[in-house]
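Student: I would like to learn how to read this structure. Where do we start?
Tutor: With the helices, and then the ligand.

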Amino acid sequence: MDRSTFVALAKRIPPLYWAAGAVRYTQFKSRLKIAENAYRLDPTRPLPPPMLRYRVHRALDEASYLEAGAYVADVIADNARATGLALQGLRILDFACGPGRVLSQLARRLPGNRFDGSDIDAEAIGWARGHLGDVATFAVNRPDPPTNYADDSFDIVYSVSLFTHLDEAFQFQWLQEIERILKPGGLLITTTHGKRCLDTCAPAELAELAAKGFVFRVDHTGRFKVDGLPDFYQTTFHTEDYVRNRWSTIMPVERFVEGGVNNHQDLVVLRKA
Ligand SMILES: C[S@@+](CC[C@H](N)C(=O)[O-])C[C@H]1O[C@@H](n2cnc3c(N)ncnc32)[C@H](O)[C@@H]1O
């Protein structure tokens, strides 16, 4: 039996699902403790503490956090350049920035621009304000729109691994809000789970994706949700057709690169009319 079928089956047998959740939770807590002890030995480290890194990166080691941040910053910069926009004197927002994994590295690649970062995670934003305050201005936003940004504020909003986690209603509310705060002609650069991310999907999820173009999967909730993020934050899958047809009702989709992020997530560029 493959993993996705086992998980789908376990979800239908609550005691089994709870037992698996408890084992996963205990293992995670012990790995986290080891990482936190190592982190405490050197409090001058320029990296966020292990739990903040885990929330955005799903791993506890420092090297891969830095590598992924650098790689994704290159992807965002390359795709912004590919649109023909001159990358100077712009106002750029990292929406769902966490503790600045990508923002800290993108700002170095695109000097001469003004950066903002926003996230629901007050702890991550607190860390970013304390350590990256010279790089960007940070804000905590509520889980649902609006943000406090004025209409037409940004030339570019990028959002890495946010629409990979929101349900359909939230997705449209946030696309609408990002459209509001973008300047006319401004870009949204974001990512989705598409064709190259379906290995964990159960047959029923693949069937739903084929029929509807969109799947929202609820994995762990409550105490066993080890990332500590709200229960609304789960896992979402999109087809390219869905993104092109449905998202373009809000902003035209200018570019779709299947596997554009590390041959895994798809990369989508939208431009406000
Ligand atoms: C997978 S992490 C990615 C973080 C960052 N973009 C990166 O690539 O390092 C997803 C982030 O989305 C944030 N998030 C979830 N819902 C949000 C919302 N409604 N508004 C803003 N941020 C949100 C989470 O707190 C988390 O920091």
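Tutor: Helices (H or I, at least four residues) and strands (E, at least two) are DSSP runs, numbered from the N terminus. Axes are lines fitted to C-alpha atoms, for helices over the stretch in contact, and angles run from 0 to 180 degrees between N-to-C directions. This is a predicted model, in which local features need pLDDT of at least 70 and side-chain atom pairs count only at pLDDT 80 or more, while totals for chains, interfaces and linings use all residues. Residues are numbered from 1 along each chain as its sequence is written, and side-chain values use heavy atoms, with hydrogens and water left out.

Student: At what angle do helix α3 and helix α4 pack?

Tutor: Two packed helices are described by the angle between their axes and the distance between the axes. Here α3 (residues 50-57) and α4 (residues 62-82) pack at about 45°, and their axes are 11 Å apart. Angles under 35 degrees count as roughly parallel, over 145 as roughly antiparallel, 65 to 115 as roughly perpendicular and the rest as oblique; α3 and α4 are therefore oblique to each other.

Student: What lies in the loop between α3 and α4?

Tutor: Arg58 lies in that loop. Its phi is near 60°, a positive value in a residue other than glycine.

Student: Which residues come nearest to the ligand?

Tutor: A residue is near a molecule if one of its heavy atoms lies within 4 Å of it. Of the 19 residues around the ligand, Ala96, Arg101, Asp119, Asn141 and Val160 come nearest.

Student: Which ligand atom does the polar side-chain atom of Arg101 lie 2.7 Å from?

Tutor: That atom of Arg101 lies 2.7 Å from an oxygen atom of the ligand. A polar backbone atom of Val160 is 2.9 Å from a ligand nitrogen atom.

Conventions
A polar contact is a pair of N or O atoms within 3.5 Å; within protein, one must be able to donate a hydrogen and the other to accept it, and residues adjacent in sequence count only if both atoms are side-chain atoms.
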